[in-house]
Amino acid sequence: MSDRLLRLLVITATDGFVRSLPLNGAAVRALELSRHLAEGDHRVEVSMLLYDINRDSAPTDSWPFPVHYLAHEDYYDPKHGQLKRMVRKARPHVLVISDSALLVRSGRQLADAAGCALVYEMHGQERVPALSSVGAAGGMHDGVVQGEALRLADAVVAFTGDDAQYAIDAGAGQVMHLPCGAVPQRAAAGGNPRGPVVVAADFTRASNAQALATLNSCLPEDVPVSVYGRYPVPMRTLLPRLTLHGPVPNLPAALAQGSVGIAAHSERSGMRAQILSYMAAGLPVIATRQAATGLENTGAMLLSDEPDLADLPDLLARLRKDPALCRALGLHGHRRIEQMLSWARIAERAASAYRSVRPERTGLTASAGARMLSARPPGWLTLHPGPGRTRPADHVAAGPDAMGDAAVDCARMGVSCRLGVHFPPKVSSFEGGRVTFTAPRAVLTVFFRWPRQTAERTVAGIRTAASCGHITVPRVTGQADFPGSVSWVSLSPVSATPITDVEDGAARARLLGSTAGYLHRLPEETWAGVPRLSRSRMSLETARRPDRLRLLSVLRRSGHHRNGCEMSFVHGNLHGATVLLGPDPASRPVVTDFSACGVGCPDEDLAVLYVHHAADGHWGEIWSAYQEVCGRAVDLTHVAWHGAHYARWALQDDQPHHLVEKATAALPGLLGYLTDDATLLDHT
């Protein structure tokens with residue numbers, strides 16, 4: 001023990017708490033490690049700063065150490081004024097941040113302003129973009145944000161040896177291995193042989209929800225199951241045979257009534273807090289090998305060799321027939337917690353580790369790309385901003401994290417039950433605010449960005465285009481809003497191949513032009529119920545970008561072109577990636593995506609085609625085929641005006657890189673035509 005008093009400030013999020021009750025593994029660690037540091041004989045003065053991004057967190061004074069709350073709007077303040085004042089007031093020697101996005105946005109500046117060391121507590125590896133949630137704010141960005149957090153921090157806390165090595169390889173400075181733990185309980189080793197199977201986790205996380213669904217599908221019907229932890233309301237109807245208790249104040253006491261604890265995860269991830277809780281309660285554990293990857297010693301459990309837990313009934317039967325094995329497994333796990341993984345022992349190691357950290361990376365700044373990604377609020381917050389809360393002005397709906405991704409996965413399971421079609425959890429595509437799952441007889445799209453409007457727009461567009469005898473569209477087999485702020489649409493599969501399979505560029509261009517022509521000549525009565533075409537607008541980054549400054553200037557001077565707009569059905573996103581080929585060369589073109597459609601000026605579709613295909617050298621063929629089918633008089637300057645507006649939308653920060661590249665390449669021609677400097681649009 002050192003005589004030096006160490007002041008430690010831990011910054012974490014309210015999303016894992018209701019009052020002071022922890023709801024997930026990250027919250028358990030923040031609470032228990034801080035408690036044991038503060039209450040143990042370590043000369044550590046702990047305080048916690050909770051940033052309030054959970055509408056249900058219900059702030060409270062019932063904490064075992066000083067806790068302060070940062071208001072929702074202050075967390076998203078780009079200048080971080082209030083956050084800086086609160087950190088300076090705490091006068092920490094060490095600042096601990098587990099949110100990689102927050103650390104990249106402001107962690108280094110906060111630590112430098114307070115003159116303290118900065119520690120990044122690493123909750124797993126964020127290097128694989130997927131439908132899973134990671135941390136409280138910010139999601140997976142292919143490891144870019146986390147990689148920057150590892151570089152900026154003076155020291156990194158890793159839970160497992162694999163994570164520690166990953167941090168070292170990524171260029172982290174001091175790396176400290178401090179595993180997760182539990183509080184050993186006074187319980188009979190081996191569990192209650194007459195008790196239920198128990199599962200404890202935060203089931204608003206997609207990986208936990210999927211694990212529970214897997215467990216439900218493979219457990220024998222006569223085995224009772226008690227489930228503890230936060231869960232989305234739809235689970236009550238989706239998994240009726242499970243007893244859902246929700247969060248409980250005394251989880252160890254509840255687990256002690258169980259016969260066996262189960263961890264059914266199909267993906268690798270750090271240390272599972274639920275497994276440590278089972279071991280602390282003296283329960284035997286059944287786990288997939290993926291769920292147990294973070295534990296160096298698996299002597300407390302039976303490991304399933306099947307990723308889908310197909311052998312679970314056999315493993316349960318083995319435990320039922322062998323009470324001695326149950327006791328041996330439970331005793332091994334309990335001793336492991338007592339001797340190696342109790343929070344008291346980990347706090348002792350943590351106090352020594354934190355004392356060794358020095359501010360050695362002061363003055364470093366995050367890269368512009370990482371800062372941009374780190375500024376994105378978590379998807380669940382954009383889906384659930386809460387009563388009276390406005391979304392941040394710079395909000396970008398990055399993806400369905402936390403509450404959002406659980407709703408997506410519950411929608412997938414719910415639609416499977418409703419339609420009698422099994423949609424596997426593997427994601428077919430994930431872009432543009434939607435997730436697509438594919439089954440042999442159906443295609444399911446779950447919308448999480450402006451979900452209801454986009455789903456209704458999709459269905460209205462398909463039904464309108466179905467009246468055109470020259471285009472093939474899928475049949476709508478189901479549509480609904482789903483609790484949790486997502487909407488879904490299921491479609492019949494359509495046999496088609498990408499238009500890129502056509503080697504003849506001129507033929508591809510003619511197919512695109514004729515498809516636009518067929519849609520634009522639909523009679524007004526067919527699109528009477530379609531909403532108006534609209535695109536979201538956000539601020540455009542213009543620093544050191546003269547082409548974008550010129551674009552904004554031209555648009556300000558060309559508003560009179562709006563008077564030339566006609567009205568018809570508009571696809572809104574018509575290009576080579578959204579038009580498909582039928583099963584044979586003579587068949588009609590196939591269009592399946594109508595999520596951007598609306599009633600608007602038909603020149604909008606021509607502008608989109610130009611931006612996407614100007615570089616192909618076949619604009620003339622697109623134009624000729626369009627004129628041949630549709631025959632309407634078109635002012636090319638008006639098309640260029642729509643193209644400039646589309647390019648302005650495509651250059652926003654939330655757009656995919658390939659679209660930004662196309663818009664950038666098309667911009668000189670569009671602006672040249674609008675300012676009479678060039679005639680690039682004129683196919684003649």
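This is a predicted model: local features need pLDDT of at least 70, side-chain atom pairs count only at pLDDT 80 or more; totals for chains, interfaces and linings use all residues.
Local features here need pLDDT of at least 70, side-chain atom pairs count only at pLDDT 80 or more, and totals for chains, interfaces and linings use all residues. Residues are numbered from 1 along each chain as its sequence is written, and side-chain values use heavy atoms, with hydrogens and water left out.

Let's start with the helices (DSSP runs of H or I, at least four residues, numbered from the N terminus). Helix 22 (residues 636-650) packs against helix 23 (residues 657-674) at about 145°, and their axes are 9 Å apart. Those axes are lines fitted to C-alpha atoms over the stretch in contact, with angles running from 0 to 180 degrees between N-to-C directions. On the helix 22 side, the contact (heavy atoms within 4.5 Å) includes W641, Y646 and W649, while helix 23 brings in residues including L667, L670 and Y673. The contact residues split into 15 nonpolar, 2 polar and no charged, with Gly counted as polar and Ala and Tyr as nonpolar.

Now the strands (DSSP runs of E, at least two residues). Strands pair if DSSP finds at least two bridges between them, and strand 17 (residues 434-439) does so with two partners, listed here.

Another hairpin links strand 17 to strand 18 through 2 residues. As for cover, 5 of the 6 residues in strand 17 are buried, meaning under 20% relative accessible area with a 1.4 Å probe, protein chains only.

Technical notes:
Buried means under 20% relative accessible area, exposed over 50%, partly exposed in between (1.4 Å probe, protein chains only).
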